[in-house]
Amino acid sequence: MWMNPTLFWVLVGAVLCTLEVFVPTAFAEVALGVSAFLVALISLVLPQFGLQVALWMIVSIVFVILARHFIKPSRRPQQSLDAIEATTLTEILPGKGGRVLYEGNSWQALCEDETMTIASDQPVYVTGRRGTTLLVMPMKVIKDSG
């Protein structure tokens with residue numbers, strides 16, 4: 001039994017927009033989700049599913065390009081140990097990785113002190129980088145020791 005195409009596109013749009021909350025992608029998922037909502041409306045007058053998929057792909061590309069145009073590109077952190085501020089998106093457990101929001105993008109992160117736990121939604125300093133993983137320390141620890 002096939003699902004109603006309008007309902008399908010609404011569900012796809014909702015899932016993609018919701019994913020942006022959990023896995024930030026600088027609004028790429030939102031652009032795809034909004035284009036799915038637009039195709040849901042168009043599906044009411046365009047019944048061919050293949051054309052709907054093609055339209056979704058074209059509109060998605062346009063929306064992603066527009067989103068990238070209006071969002072400033074972030075600078076990559078340097079290898080230096082200069083402290084830069086970020087915010088944890090997920091909890092970082094001792095010796096385990098997590099995610100931080102750094103200059104508008106989600107990055108893999110490790111706590112520089114592998115015995116510490118950092119809760120989600122906490123301000124941290126970016127103290128360095130290992131490949132594409134940021135090394136962070138909680139601000140409260142650095143302020144308390146200084």
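**View A. Helix α1 passes helix α3 in a right-handed crossing.** The contact (heavy atoms within 4.5 Å) brings together Pro 5, Phe 8, Trp 9 and Leu 16 from α1 with Phe 49, Gln 52, Val 53 and Trp 56 from α3. Sorted by type, these residues come out as seven nonpolar, one polar and no charged. For that sorting, Ala, Val, Leu, Ile, Met, Phe, Trp, Tyr, Cys and Pro count as nonpolar, Asp, Glu, Lys and Arg as charged, and the others, Gly among them, as polar.

A quick word on what you're looking at: this is a predicted model, where local features need pLDDT of at least 70 and side-chain atom pairs count only at pLDDT 80 or more, though totals for chains, interfaces and linings use all residues. Residues are numbered from 1 along each chain as its sequence is written, and side-chain values use heavy atoms, with hydrogens and water left out.

**View B. The axes of α1 (residues 5-22) and α3 (residues 49-70) come within 11 Å.** They cross at roughly 25°, so the two helices are roughly parallel to each other (angles under 35 degrees count that way). Each axis is a line fitted to C-alpha atoms over the stretch in contact, and angles run from 0 to 180 degrees between N-to-C directions. Helices are DSSP runs of H or I with at least four residues, strands are E runs of at least two, and both are numbered from the N terminus.

**View C. Thr 6 sits in helix α1.** Thr 6 counts as buried because its relative accessibility is 18% (buried is under 20%, exposed over 50%, partly exposed in between, with a 1.4 Å probe and protein chains only). Its side chain makes a polar contact with the side chain of Ser 43, at 2.7 Å. A polar contact is a pair of N or O atoms within 3.5 Å; within protein, one must be able to donate a hydrogen and the other to accept it, and residues adjacent in sequence count only if both atoms are side-chain atoms.

**View D. Gln 108 belongs to strand β3.** Gln 108 is partly exposed, at 36% relative accessible area. Its side chain has a polar contact with that of Arg 99 (2.7 Å). Gln 108 and Thr 133 are 25 residues apart in sequence, yet 4.9 Å apart in space, C-alpha to C-alpha.

Notes. Angles under 35 degrees count as roughly parallel, over 145 as roughly antiparallel, 65 to 115 as roughly perpendicular and the rest as oblique. A crossing is left-handed if the near helix is turned anticlockwise from the far one by less than a right angle, and right-handed if clockwise.
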